[in-house]
Every structure is written in structure tokens, then in C-alpha cells.
Amino acid sequence: MSLELIIIYCTQYFSIKYYSKRYRNIFNNQAKSFTKNNCDHLLVLSVYALFSGTLVLCFQPSLLSIGSLIKNAITNDPTIFTGNNNLYGAFTILSDTFKKVIVIILFILLQKSYIKNKGHLYYFHLFWGISIILLSVLLNMGYNRLRIIFALVLGLYFTRYILGKIPLTFYVVLSMGLIIPVILISINKFSYAFSLSTSPVKSVIATMSGQFQDYFSGPRLVGQMIDMKKYGSFNINISTFINDFTGSLPFISNYVNQENRINYYFNIFNGMSNQSLIAPILGIGYVYFPAFPFLFSIIFEHYVIKLDFLMTRSNKISYKYIYAYMGYVCSMCMGYSTQNIYAQFMNAFIPLIILLKLNDVTFKARMGENKGKFLIGMNNTKNN
């Protein structure tokens, strides 16, 4: 684990050097920048939101029902979203992307309104931004508490990006307010720990403290992965490796043996039947590549830097939000597994990037400019 940290620092250093050199000319000499009316993605995102939202509400309404989301968080019932039909994976993608698109649309409208008013009505737009943040948190309410934190952090970042500043009071209030749903979800998740306790709060704190390593893939989990490799009687082979990635793809996942995946074996090895433990990425690397277990860590840490540069050089809220979200997910790689990150790539990041890129190609062909080549401008909100 100590060697992994050193390798990660080196990966970040060389990645920063590489992308700084690659994008230096783009930052210094912008070849073209969109005007505020010609490609802000508002139309294509609105059409997609209408399309995806309608389909999900018609066939899998529980995926978008606020009541179901809250119930899932409070009742500690992760099976509420279990689907039995072959199209469930597709509806899950539509639902996840719909939630992100709605937030992006609202931030684009906020930016357009703030620019139109030339920076006036600051507190009106601040209230608007805070409302978007709260909606994003609500849409991400569920069994996974990290998604709530993602929603808050990204919401604060983009509100500040658009308005230029946020009073410190709002940071404090929103952060403190976030503690409430996290505590409620934690209390219900660990209800078994204090069902007979005379001091429930202390019992929850003690339970969470004991499982603190589990949230950040501490030495205990990595050690357990090493033990699983050495002493576990599991048939881990190339098919397991393939299943780890194809098992997160919609449609294909229906034909993948979900019991032949690393995370499944890891939970079985630890006597867990509900798949609640996350196999650490360093341990996964050790299981597949014992001679060099840092491979996955290097890949995802490289993407952290790459996505950050992509986000920084874009002046489009749509691209910036998608790159920022995926970069955030990749930055959690030391606490996540390959399945967590790869699933986000396939289910949210790639579909939305393809949607926006196709829209850009269509717009470019319609305008007939630059003979098929253009560059997006810098962080200049007036161009959006």
C-alpha cells in the first residue's frame, strides 16, 4: 500500500506534465469559441430528458419516484430496485442519465439567466443554485451515501463557477444539512447494532468506526484480498476477469454469471451474503496481476488528471459537469473497486458524452464551418 501511494504520486506527476504540455496551445490560443446562442446543448439535453424520463416513468417508475428513493434509503432495502426483465439495465441507464441531465439543464439555465442579467440579482440566482443542489441531493437519495456527497460537492462547485462566489455561511449550512440524511441512512443501515442498545447513537458510532476501513479500503480489506488469493478455494480465471467488466453492461449482464466475479467471491470469503463489502482496487490488482498489483490504480489515477484537464478546458456546463462527475468517481478509486468505476463509465459517462458529441457533429455539419474541425473555447461563461 505504501508503494501504491508512491506510484500514484508519480502517475499524477507525469500525467499533469503530459496534459499541461498537450493543452498548452489550446489554453493560450483558442481557435474558435461558440457564441452564446449556437451550441449550448440545452435543446438536445431537454429532448433527451423528455424522452428518457417518459420511458422510465412508463415502464420503471420506481427508478424516478422520490418516494421510492427515500423509502430505499430509510428502510435499508437495497432490493427495492431489483429488476427481473432484460430491459431493466437499459432503464437504469436512462434513469441515471436523466437525473444528471436535469441538473445540467438547470445549471445551464442559471448561467444564461445570470449572464443575461449581467451579474445582477445575485441572491435570486444564489437561491436558484441552492435549489438545484437540494434537488440533486434528493435525486441521488438512496442506499449509497457517497452519491449524496457527490451531488452536494458538484452542486456547490458549479454554483460557485457560475456566480463567482458563495457566502461561507451557505457552505456550512448545506454541509451540516447533509449530515442529517447521511445519519438517518446510517442509523437504518446499522440498525442491527443497536436494536437492544440503551445508547443507539454510541452504538452506531462504534459500528461505523469499526467499519471505517471498509469505506476507504484500508489495510484490513487489502489483507483480506491477499488471503483470498492465497487461501480461498475460488476458481478465479480469465472468465472471472471478463465477467467483472461485462457484468456491468446492460443486456449483456443478463447472460453473465454474476457469481463468478471478484466482489462476489470477496464477500463470500468474508461471510457476507448481501454483497455489502467493496473489494479494494489494490486487492483486485493483486488477485489478477500479483507481480504488479498497481495497474488499475495507475489507470484510474491517470484518468483523474485527464478528466480534470478536459473539464478545465471546456466552457460548456454540460461537458464540465460530466467530466467533473466522472473525475470525482475515478478519484475515489482507492476506496472503490473496478466494478464501481467501470459501471459509471458505461452507464452514465459514455452515453452522455456520445449524445453531446453527436449533437456537436450535427451542429458542425449544419453550420458548414471549419471543414469538420473546431475547438471548444476556454472557461469564458459569456460564450455559453
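Let's start with a pair of charged side chains: D244 and R261 meet in a salt bridge, with 3.9 Å from N to O. This pair links distant parts of the chain, since D244 sits in helix α11 (residues 238-246) and R261 in the loop between α11 and α12 (262-269), 17 residues apart. Are these two partners buried or exposed? D244 has a relative accessibility of 1%, so D244 counts as buried. R261 is buried as well, with a relative accessible area of 6%.

Before I go on, please keep in mind that this is a predicted model.

How many salt bridges are there by this rule? The count comes to two. The other pair I want to show you is R147 and D96, whose side chains meet at 3.8 Å, N to O. D96 counts as buried, because its relative accessibility is 13% and the cut-off for buried is under 20%.

Now let me step back to the whole chain. The secondary structure comes to 16 helices and zero strands. There are 384 residues in the protein chain, and buried residues make up 46% of them. If you take the contacts with a separation of 6 or more, 72% of them are between residues 24 or more positions apart.

Next, the nonpolar side of things. As background, nonpolar side chains in soluble globular proteins tend to be buried together. In our model, the largest nonpolar core has 86 residues, and L45, F107 and I341 are those with the most contacts inside it. Which helix gives the largest share of this core? That is helix α4 (residues 88-116), with 12 residues. If you zoom in on L45 and leave aside residues up to four places away in sequence, you will find that L45 touches V101, I104, I105, I108, S318, L355 and L356.

A leucine in another setting is L135, whose place is in helix α5 (residues 122-139). L135 has a relative accessible area of 30%, so L135 is partly exposed. Again not counting residues up to four places away, L135 touches I102 and L106. From L135 to A151 the distance is 9.1 Å, C-alpha to C-alpha, and the two are 16 residues apart in sequence.

For a helix that is mostly covered, have a look at α13 (residues 281-288), where eight of its eight residues are buried. Going along α13, the buried residues are I281, L282, G283, I284, G285, Y286, V287 and Y288.

Last stop: a helix pair. How do the axes of α14 (residues 295-313) and α15 (residues 317-331) cross? They come within 8 Å and cross at roughly 160°. That angle is over 145 degrees, which makes α14 roughly antiparallel to α15. The crossing of α14 past α15 is left-handed. On the α14 side, the contact is made by F300, Y303, V304, L307, L310, M311 and T312. On the α15 side, the contact residues are K320, Y323, A324, M326, G327, C330 and S331.

So, to sum up in two pictures: there are two salt bridges by this rule, and there is a largest nonpolar core of 86 residues.

Terms used
Residues are numbered from 1 along each chain as its sequence is written. This is a predicted model: local features need pLDDT of at least 70, side-chain atom pairs count only at pLDDT 80 or more; totals for chains, interfaces and linings use all residues. Side-chain values use heavy atoms; hydrogens and water are left out. Buried means under 20% relative accessible area, exposed over 50%, partly exposed in between (1.4 Å probe, protein chains only). Helices (H or I, at least four residues) and strands (E, at least two) are DSSP runs, numbered from the N terminus. A nonpolar core is a set of buried Ala, Val, Leu, Ile, Met, Phe, Trp, Tyr and Cys residues joined through side-chain atoms within 4.5 Å. Contact means heavy atoms within 4.5 Å. A salt bridge is a side-chain nitrogen of Lys or Arg within 4 Å of a carboxyl oxygen of Asp or Glu. Axes are lines fitted to C-alpha atoms, for helices over the stretch in contact, and angles run from 0 to 180 degrees between N-to-C directions. Angles under 35 degrees count as roughly parallel, over 145 as roughly antiparallel, 65 to 115 as roughly perpendicular and the rest as oblique. A crossing is left-handed if the near helix is turned anticlockwise from the far one by less than a right angle, and right-handed if clockwise.
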